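Take a look at the two chains shown here.

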Amino acid sequence: DGGITQSPKYLFRKEGQNVTLSCEQNLNHDAMYWYRQDPGQGLRLIYYSQIVNDFQKGDIAEGYSVSREKKESFPLTVTSAQKNPTAFYLCASTVGQAEKLFFGSGTQLSVL
Amino acid sequence: DQQVKQNSPSLSVQEGRISILNCDYTNSMFDYFLWYKKYPAEGPTFLISISSIKDKNEDGRFTVFLNKSAKHLSLHIVPSQPGDSAVYFCAASAWNSGNTPLVFGKGTRLSVIA
């Protein structure tokens with residue numbers, strides 16, 4: 001079955017630690033996105049990539065980094081510079097720029 | 001500055017009645033609009049979309065209306081069912097203006113009461 005797989009489902013970060021959230025898709029989609037959901041805040045765009053080896057900052061990129069070495073994979077690293085990392089992180093992909101997004105099931109990140 | 005606004009954080013509706021969820025936008029370049037449904041601890045799923053060349057799009061129990069002059073769209077669910085209880089996000093894109101990611105509203109939590 002085609003889809004988007006995010007792992008892990010739950011992740012805990014210690015103070016000063018970098019953590020990486022995985023996102024893999026087998027939909028052959030060109031574009032991939034990372035969103036963050038906080039209660040009452042909706043979905044805010046962190047980073048997106050429309051082709052391999054290229055990505056752009058979204059509205060809240062500070063404290064995050066990404067890579068796009070393969071079409072199928074778009075990992076997100078939450079660095080120690082992100083002071084408020086507790087949130088639900090969603091990865092999405094699409095075949096085009098404004099086509100409907102397909103979302104993964106999300107990763108809940110919490111700070112210990 | 002919020003470009004997509006969902007001013008009602010929550011809505012309660014009796015089963016079988018109509019649910020109307022509203023969304024306003026400020027960016028006149030937006031020309032493609034979508035609604036997503038989200039259950040807790042899951043990713044959103046696409047529900048229905050509409051482009052700016054239309055003013056209505058229907059899919060089963062779901063209808064989206066677009067009023068470009070008012071920069072307003074609404075999602076109608078008829079009849080509402082308990083399984084419709086979820087958070088609904090409105091999203092918009094300036095598709096004809098280049099590569100712009102979707103901009104989401106803050107969501108409206110719909111509760112359908114049996």
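A salt bridge, as used here, is a side-chain nitrogen of Lys or Arg within 4 Å of a carboxyl oxygen of Asp or Glu. Keep in mind that this is a predicted model. How many salt bridges does the rule find across the interface of chain B and chain A? It finds zero. Polar contacts are another matter: four residue pairs make them across this interface, with both residues at pLDDT 80 or more.

Which strands of chain B supply at least two residues each to the side that touches chain A? They are strand S4 (32-38) and strand S9 (86-93). S4(B) gives the most, with four residues. By type, the residues on this side of chain B divide into 11 nonpolar, six polar and three charged. In terms of contacts, 20 residues of chain B meet 21 residues of chain A. Between them the two chains bury about 1700 Å². Carbon and sulfur atoms account for 59% of that area.

Now turn to the sheets, beginning with chain A. Here four strands make an open sheet. Their order is S1-S3-S8-S7, and the pairing is antiparallel. Strand S1 (4-7) and strand S7 (64-66) of chain A are the edge strands, each pairing on one side only. On average, neighbouring strands of this sheet are turned by 20° against each other, direction ignored.

Follow S1(A) to its partner. Strand S3 of chain A covers residues 19-25, and four bridges join S1(A) to it. The two run antiparallel. One point to find in the structure is A:Gln6, whose bridge partner in S3(A) is A:Cys23.

Chain B has an open sheet of five strands. The order is S1-S3-S8-S7-S6, with antiparallel pairing. Strand S1 (4-5) and strand S6 (56-59) of chain B each have a single partner strand, so one side of each is left without a neighbour in the sheet.

B:Val4 stands opposite B:Tyr25 in S3(B).

S6(B) pairs with strand S7 (residues 62-67) of chain B over four bridges, in the antiparallel sense. B:Asp59 has B:Phe62 as its bridge partner in S7(B). The two strands form a hairpin with two residues between them. In the turn, B:Gly60 has a positive phi of about 65°.

S7(B) also reaches strand S8 (residues 72-77) of chain B. Six bridges join these antiparallel strands. B:Leu66 stands opposite B:Leu73 in S8(B). S7(B) and S8(B) form a hairpin too, with four residues between the strands. There B:Lys71 takes a positive phi near 50°.

The last stop is the backbone itself. Most residues other than glycine have a negative phi, and most peptide bonds are trans. B:Ala41 is not a glycine, yet has a positive phi of about 60°.

Two peptide bonds also deserve a look. One runs from A:Ser7 to A:Pro8 and is cis, with omega near -5°. A:Pro8 sits in the loop between S1 and strand S2 (10-13) of chain A. The other runs from B:Val78 to B:Pro79 and is also cis, with omega near -15°. B:Pro79 is in the loop between S8 and S9 of chain B.

Notes:
Residues numbered from 1 in each chain as written. Chains lettered and ligands numbered in written order. Predicted model: local features only at pLDDT ≥ 70, side-chain atom pairs only at ≥ 80, totals over all residues. Heavy atoms only, no water. Pairing = 2+ DSSP bridges. Axes fitted to C-alpha atoms, helices over the stretch in contact; angles between N-to-C directions. Contact = heavy atoms within 4.5 Å. Buried area = accessible area lost by both parts, 1.4 Å probe. Polar contact = N/O pair within 3.5 Å; in protein donor to acceptor, adjacent residues only side chain to side chain. Nonpolar A, V, L, I, M, F, W, Y, C, P; charged D, E, K, R; others polar.
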